[in-house]
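Please walk me through this structure in the viewer, stop by stop. Tell me what to select at each stop and what is there.

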Amino acid sequence: MRERLISLLHRSPPLPPHHGHVAQIHALLLRSDPDLLPLFLDRLLLGLYPSAAAVRHARKLFDALPQPDSVLCSSVVSACSKLSLHREALAAFYSAHRKGSPILFLAIPPVLKSCAWLPAADQGKQVHCHVLLRGLGSNVFIQAALIDFYCKTGDLGSARRAFDEIAFKDAVTVNCLISGYSKAGDVVEARRLFDDMTRRTSASWNSMISCYAHSGNFAEALTLFERMLKEKARPNEITVVTLLSICAKLGDLKTGLKIKCLISDMGLTTDLIVRTAVLEMYVKCGAVDEARRQFDEMVHRDVVAWSAMIAGYAQNGRPDEALELFEMMKAENCKPNEVTLVSVLSASAQLGSVEFGQHIGSYIESQELASGVYVGSALVDMYSKCGNIGGARRLFSKMKQRDVITWNSMIAGLAFNGFAQEAFDLYHRMRDQHFKPTDVTFVGLLTACTHTGRVEQGLAFFRSMKREHGIAPKVEHCACIVDLFCRSGRLEDAYKFIREMETEPNVVIWGTLLSACRIHSNVELAEVAVKKLVVLEPNNSSNYVLLSNIYANAGRWEEARKMRDLMRCKNVQKLYAYSWIELEGAVHKFLVDDTSHPSCDEIYKAVDGLSLQLKWVGYDPNLELI
């Protein structure tokens, strides 16, 4: 019987990978031959193992042994650490220590790794004391593990002391400390260590390049990469991904293409992470079509690649293609993550399609993907922008967790859909629940005031931004106040506010004033606004046309003619506006005198019929073309 059990334990693969079988073998050994339990434990941790279930079973068995040997201790701690079962790794280490089992140096690095990940700073320091008592401090793997532990738990002083105690500092230990300084933002100390190195590995260069990237010094990171190539150091996939990320943040397509050329030379053309980084670089640089070609060439695509491409379309104003790609992703049974869903919701909001917005919202809610704050907030925003304020309210009420973005999305949704008082009430609820408002909160509140003509309340919100919340008003907030004054006919107050603004007025602010001048026939302020606008956007025809119409309404025909002549002189082309409507999932666009639509004859008959009915009820249309 014993021989058969030993044969069973020694066969390859070590043990069947089913937890039930493991439990059966364990029970058999307990009844028949308990002395074989250490061998059973050893076999659990070998070969195709460890699986999480097997390692947890091994932990229970390990704890039951009166005095496990040092090899078993190292195996259990290492297996737990590799599977990110960090609490189990620490518990196994302490269990062996309490039982007086000798602990090999091989168990120290994995248990320190687990202490760093939990984080468990106090327990890690106790392990360090054990290292010193056992005289293991000179082991290079333990030294590197100690530096890494202290860096990851934010104790750079102890990391430096552990580093300084090392007699011979190899590249591994130096790289650990450089990485620690990098995460702490101490670029100067990281660079000093790097420059003092006599032999640098690829990891050394990567750590220093990442350090500059984390601190936002992208130019120095790229300069260091050039030096890396000159010194014949070999970049690897980590180098390439970091550099492509930098190019993406800078929008530097030229440098990004140079780095892409290295990928073929390095044999990384099939690496999924590298190819996804190239795709993201193209997207962030605005080269969406090149990104799509890269995407189509990928043999294997994970959720990150799909998300990057969908986000690329959404961020570059191509919502139709984003949503089409999302449907393809679902067809290929790739489950979306939060990044995917937020991009899809952004695309739906851009499109403004009530029907498609409802379709996407129903999918997300049916799959129970809206429970997170990130996706839930984006879904509230999308429902609001598609006019489904009831759906936004319902989802907001259901959300168990909300952050300030969720509150802002709901406040803005109520404001833009005309529910001003509800937006104000929600703001007070937000304050009662101790959420601090942001600049976005006040854009929503000021919009609500603008839509309902509440000038004094709008001004009160605006003044409270800096006085009560320490938020400096941005141009968006100022634009709301100007719009508020203009809608109330207080054009002089609007102009006075513009002159006293701390930020530079933009085209939206001057354009708002100009539009109000036309409604209220204020020629003088219209001239002031146009003078500013022709500098800010000289090729926008609507500014010239508006002032020309204002002159015409005031009977100043000569000035109106001169304005039209100025347009011709500057070769400013009039932009034709269009209207659009969504019907049965399709969006139809129409220009003035448009005959391109396949149903244009029916449409014009309907319009003529409506015109006749309007005349019968005494409506006098304004036929002025703008």
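What percentage of the 626 residues in the chain is made up by buried residues? The share is 46%. Keep in mind throughout that this is a predicted model.

**Whole chain**

Start with a cartoon view. The secondary structure comes to 35 helices and two strands. Of the contacts with a separation of 6 or more, 59% are between residues 24 or more positions apart.

**Aromatic rings**

Now show the side chains of Phe, Tyr and Trp. The structure holds 12 aromatic pairs. Select F93 and Y94 to see one of them, an edge-to-face pair with 6.4 Å from centre to centre and 75° between the planes. F93 has a relative accessible area of 4%, so this residue is buried. Y94 has a relative accessibility of 24% and therefore counts as partly exposed.

Move on to F424 and F461. Their rings form a tilted pair, 5.6 Å centre to centre and with 35° between the planes. The pair links distant parts of the chain: F424 belongs to helix α26 (residues 420-432) and F461 to helix α28 (residues 455-469), 37 residues apart. Both F424 and F461 are buried.

**Charges over rings**

Select R301 with F295: the charged end of R301 sits over the ring of F295, at 4.4 Å from its centre. Then select K330 with Y363, where the charged end of K330 sits over the ring of Y363, 4.3 Å from the centre.

**Two packed helices**

Colour helix α23 (residues 373-385) and helix α25 (residues 404-416). Their axes come within 9 Å and cross at roughly 5°. That angle is under 35 degrees, so α23 and α25 are roughly parallel to each other. To see the contact itself, show V373, S377, V380, D381 and S384 in α23, which meet I405, T406, S409, M410 and G413 in α25. The residues of this contact divide into four nonpolar, five polar and one charged.

**Two buried residues in helices**

Select T239, which is placed in helix α15 (residues 237-250). Is T239 buried or exposed? At 1% relative accessibility, T239 counts as buried. Leaving out residues up to four places away in sequence, T239 touches N206, I209, F225 and M228.

Next take S548, found in helix α33 (residues 541-553). S548 is buried because its relative accessible area is 3%. With residues up to four places away in sequence not counted, S548 touches A560, M563 and R564.

K125 is found in helix α8 (residues 121-134). At 38% relative accessibility, K125 counts as partly exposed. Which residues does K125 touch, not counting residues up to four places away in sequence? They are F149, Y150 and D155. Draw a distance from K125 to Y150: the two are 25 residues apart along the chain, and their C-alpha atoms are separated by 8.9 Å.

Go on to K284 in helix α17 (residues 272-284). K284 has a relative accessible area of 49% and is therefore partly exposed. Neighbours within four places in sequence aside, K284 is in contact with A248, G251 and Q315.

**Backbone details in loops**

Finish with the backbone. Select L118 and P119, whose peptide bond is cis, with omega near -15°. P119 lies in the loop between α7 (108-117) and α8.

N333 is the next stop, in the loop between α20 (319-331) and α21 (338-351). N333 is not a glycine, yet has a positive phi of about 60°. With a relative accessible area of 71%, N333 is exposed.

The last stop is H434, in the loop between α26 and α27 (439-452). What is the phi of H434 near? Phi is near 65°, a positive value in a residue other than glycine. H434 has a relative accessible area of 73% and is therefore exposed.

Methods
Residues numbered from 1 in each chain as written. Predicted model: local features only at pLDDT ≥ 70, side-chain atom pairs only at ≥ 80, totals over all residues. Heavy atoms only, no water. Helix = DSSP H or I, 4+ residues; strand = E, 2+ residues; numbered from the N terminus. Buried < 20%, exposed > 50% of the residue type's maximum accessible area, 1.4 Å probe, protein only. Contact = heavy atoms within 4.5 Å. Phe/Tyr/Trp six-rings, centres within 6.5 Å; stacked < 30°, edge-to-face > 60°. Lys NZ or Arg CZ within 6 Å of the ring centre and 35° of its normal. Axes fitted to C-alpha atoms, helices over the stretch in contact; angles between N-to-C directions. Parallel < 35°, antiparallel > 145°, perpendicular 65-115°, else oblique. Nonpolar A, V, L, I, M, F, W, Y, C, P; charged D, E, K, R; others polar.
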